[in-house]
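Good morning, everyone. Let me walk you through one structure. Please have a look at it first.

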Amino acid sequence: MSGLRLVGIRKSYGDHPVVKGVDLEVASGEFLVMVGPSGCGKTTLLRVIAGLEAVDSGQVLMSGADVTQVPPRDRDVGMVFQSYALYPHMTVRENLAFGLELRKVPRADVDARVAEAAAMLELTNLLERKPKALSGGQRQRVAMGRVIVRRPRLFLFDEPLSNLDTALRVQMRGELARLHRKLGVTMVYVTHDQVEAMTLATRVAVFDKGVLQQVGPPLELYHRPGNAFVAGFLGSPSMNLFDARREGTALVGAGFRLEAAGDYAGDVKLGLRPQDLTVSADGPFTGEVAAVERLGFDGYVFLETAAGPLTARFDGSLPVEVGQTVRVRPNGDVAHVFSADGARALRHPEAPR
Amino acid sequence: MRWLAVALALSACADAPAARPLKLWHAYRGGEEQAIERAVARFTEETHVAVEVLSVPYDAFSSKLTSAIPHGAGPDVFIFAHERLRQFHRLKVVAPTTQRLERARYLPSTVEALDVDGELYGYPLSLKTLALFVNTALVTDPPETTDQWLSQLEATSDAERARFGLAYAAGDFYLHAPFVFGFGARLFDDAGRASFDTKGMARSLAFVKALQTRGFMPQEVSGALVKSLFNEGRAAMVISGPWFTGEIDPSVRYRITPLPTVSETGLPLTPFLGVEAALVSSRASRPDDAHRLAEFLSRGEATALRVNPGRQIPAELAAYERPEVVGDEAIAAFRRAAERAVPTPNTLEMAKVWEPMKLALRGVLQGEVSPEAAGALAERRYAALNREQPSGRDRPGATSPWPWLVALAGGLVAFAVRQWRRRGPPVPFARRYPEAARGLAYVAPAAVGIAVLIVVPFSVGISLAFFHHEAGDYTFVGLANFVDILTSKGYRVTEPLSFWFTLAVTIAWTFVNVALHLGIGLGLALLLKDPLLKLRAVYRVVLIVPWAVPNYITALMWKGMFHRQFGAINGLLAALGLEPVSWFTHFSTSFAANVITNTWLGFPFMMVVSLGALQSIPQDLYEAAEVDGASKWTQLRRITLPLLKPALLPSVILGCVWTFNMFNIIYLVSGGEPGGATDILVSEAYRWAFQRNEQYGFAAAYSVLIFFVLLGWTRLTRRLTGPEAA
Amino acid sequence: MKRPGLVTALVHVGLVLACVVALYPVLWVVKLALSPAQALTLSVSPFPEAVTLDHFRDVVGATDSQGRWLFGRQLGASVVVSGLTTVVGLSLAVTAAYALSRFRFPGKDAGMQTLLVTQMFPATLMLVPLFSLLQALGLLDSWAGLVLVYSTSSLPFCVWMLKGYFDTIPRELEEAATMDGASPWQTFVKVVLPLARPALAVTALFSFMTAWNEFILAATLINDAGRFTLPVALQQYVGEWKTEWGHFAAGALLVSAPVMALFFALQRFLVGGLTAGAVKG
């Protein structure tokens, strides 16, 4: 089967390490999304999988076979580039057919497969155009079509939607998901947009500073982040993180005291998702409103508290104004607790109702 | 591999079949060329020896001979004027003919001309000398003495009506030499050294200057002017050589007589006698055949052909018995003139006379120096041009190149070690350069080509800079060449010959040109920027025309346009009611002529580059500026120019390097006139190498200095402009 | 924004003036070539008073003693030498420039510097060493020698320019081709070269011009009038005692015509090709 396994991948540019020993397994038919801030090594890793970068050490296995030294064209993978990388001197048809022609696929097959892919992506009317004459979304679809016609066992995407406007991005996201369901192939997808990660992935891999932080189904990562970085990276707005200390049954930080259950002691990091906090008449947190974001029936309020900035949800009907001092309380037992350096999760709230 | 195969295939074509024909080189054109070819054909008919004739462009002949002959790649027989004989002898490339030559068959003076230290070289073919052409409609009796001559000149001259008694290319020392001898001066002292600062010299210069100031002859006479004045009957007399007979309009009645005698001294005006000889190469493949060919060309039928269609004055005495020659007045006249002439000395010293004398002569004629002071001027120039071989003894370490080579090797090793140390922590090679093998493979062919055909010759050139070259011998002199150049030994720093003066001229030349290229190019690009402009494509095509013309053609074309009497520029000035300018007699105008030519040929490049750079500036910047209320002028100053700078800088640097070394324009347009003042460093180096006794070492030192000036300059600009530059 | 009419008129006046200056000398040569006289005559008008094709006939019809049609042979020589120079120069420059633009290898920066530095060598003064060198290589008196010298001498500028252009082609296109299954060579030929067409055109033009216009080396190295290139033949009209202006002008036009034609054929590439290359450096 067409699974993918990475073993101890290391890669550096000159003296600068970019990927610091990554082990990762992707099951056949899976849609794995690699996320992380820019410079975290996710794109490099994707290029390593594609064969565009040589590794310093480690192994890339596909369907069980070691392909670390195999050149890209023999790996049977397809890749959609961030800039689409359409050949400007070829028409859409030529762009789609290029890979097949290089592989000496018979003419009739080429035509059939190009036609099929074009139909699937609604490109049939654009086949004789040059890329210059296409819109952003159309170019994006050609870039995908170029991979689809080749029917590789592994699809790679390098931030394919980042050059599109929001509406188009939502639409293309849907198409990608549909495509994955339809083709059932393994896909590895790099993005820095956590919404894409959450909506597309069967599993998400979060990277930071060249290290794989955590990998798992999207909701698993959301509810049970393995460390403070993952907790802060997934979810929007970001999780509030405060330094705190366990004192009896409570967590005490600058200007707050919060009752919290769990089996840990000493200095910790407290994580609270904004969605789990509400502006109310009382509560452990007090702060001055720095900004208000009204989304309709509710909204977010951004406070300056003694412990640092804090984001909380509020009921849209509340008259919250910038400059006001308000109180915030958690909606029940919602505290995530991490070790003081943020590297380990010590406690998560009960699974959501 | 591929091109090596092509190379081999092509060079195979160059290999001759088993019985290799004799090779004969000459620089004749027209009738003279026909004559030599027919003579050679006759030779082959008679002897069945095949001959390959090559007519070499005159400008290339000398450098071709001096490069080819020492390498044994030259001809078996070549035709050259006897003045260079001594040099050919020193290079050991000519075979003696003392035993074979039948002296009695030739005019004695022509044999005398071929004498080098008692040995004779070559077979005399023809002679060239100067005589007086007299328009018999204007002057009935040719003058016998200069007094008589002067009164005739007075009678026939009327400068107001542009009528002159005399016209000749007075600025050329070859034509002035008769006056030097006529006034009793000697060109060489008893030791054989050239002497300029003599009484006779001053008198001869004063005489000629007076001809001009009294309006007997026009100023700045060129060959073209002489011809047109004589043919239009506006010059009663002309001093010229045999070649002039072909230029005269058939309607003009004229006589040719020897030049008159100087009344004060009783000496005739004595022109030089140039003898063209068939010289046999010392490396001729079949010497006997080569001598047979050379001798054949000097006699009998070949001589007859030389007279007609060659229109040359034969050296063979028997030729003058031939009926067609007996009747030919011109030939008879030149023979008489030749009897009064002195063979141009074939000494090395003679070769050193031309440039100083040209300077003195033009200085006098243009009124910049008095006839009395001109000799001293020539003397100084002579001393500067003819550098003694720097002696090794008074310069430590200047006797052998080995200490230098050792020091150089040591320096290289030290440098390599330092570079290695500086590397820092070692990164495995394969990781540092993952594509090294492919990269090197792609670069290799070009790198080999550049290394072999550019770097090697240049390195050889650099090493020559440490040697003194004289007639084929190289002597190691250490840094002496550089010291002499940088201290401008032998002449003042402010004289045109000094390195510093030339450097200043070169910098001015480069700066002015590049500024004009950039200014005009950018200006036109701005005018052409608007894509909606009507006829834009037409303008663009027309404006790159100058770029498409090969630059030597451009140079000769503009040289013609700047002609004092017949040039279009002076024609335009005259049409505008302005005084015509004699472009090449003053530094400023001569420099300007060079600049105008170079600007014309160079602005399209900058225009095209600017157009491209302008297109790379996003249109919305202008819109933003427009919204901000910036005027067009402000937009140009604050947006266009700053954004163009990084895009144009590399082209400007390249343009500077090219202009700095723009040899063709300087050499062909002003030729360094006046007196070498407008020469730039490259053309100066060229003169040292090819026009001043092949001082290759000195020229190489010049080239090395040019190289370092440019290198330093580009380094400096890069530092000043930061990393955005190339 | 609408340009005021006056400004447009001024722009046209300026451009027309520049065009007159650019064309006048050329017309002057045309006139010399068509006028019956062999010498310069004073006249401002760029149009000939009388027209004759004699000079062209003389130049084109020149034959040597063996009745060989010199002009035809010399034209052939020029075409062969310039054509080969273009092919050799271009293939050397393209590969080297691509490597310099894309690959990391030791000596790369030094190589780029050397390229610029070679532009500072005073070329005229390399004649003497070059002659010895070509003799040692057995390439004297052969077109091969000329082709090699010409193609290497135009190489630094060509490489510099092409490298700049290659730098502007996104690497992702090549990676896409790699992913599509193209070998490095296929990527180069099917993706990079077609995209570099403007720069290739300009480079070819430059190589061609270098070879087509050169005469000092050609005159020095070649020993057969039938194998001279056209500029050498042209130089013969400029003699010691007199210049045959009519022949020279006619010859100059004949020599320049192909270069001009090429220029105009390729001029739409000039701006793009040159700018990306020479400008970006």
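In what order do the 4 strands of the open sheet in chain A stand? The order is β2-β1-β4-β5, with antiparallel pairing. Strands here are DSSP E runs of at least two residues, helices are H or I runs of at least four, and both are numbered from the N terminus. Two strands pair if DSSP finds at least two bridges between them. At the edges stand β2 (16-26) and β5 (65-66) of chain A, each with a single partner strand, so one side of each has no neighbour in the sheet.

A word on the model. It is predicted: local features need pLDDT of at least 70, side-chain atom pairs count only at pLDDT 80 or more, and totals for chains, interfaces and linings use all residues. Residues are numbered from 1 along each chain as its sequence is written, while chains are lettered from A and ligands numbered from 1 in the order in which they are written.

Back to the sheet. Strands β1 (residues 4-13) and β4 (residues 57-62) of chain A run antiparallel, joined by 5 bridges. A:R10 has A:S57 in β4(A) as its bridge partner.

Now, chain C against chain A. Here, 14 residues of chain C are in contact with 16 residues of chain A; contact puts C-beta atoms, placed from the backbone, within 7 Å. On the chain C side, α8 (171-179) and α9 (184-195) each give two or more residues. The largest share, 6 residues, comes from α8(C).

Last, one residue. C:V159 touches B:A446, C:A93, C:A96, C:A97, C:L100 and C:L115, leaving out residues up to four places away in sequence.

Methods. Contact = placed C-beta atoms within 7 Å.
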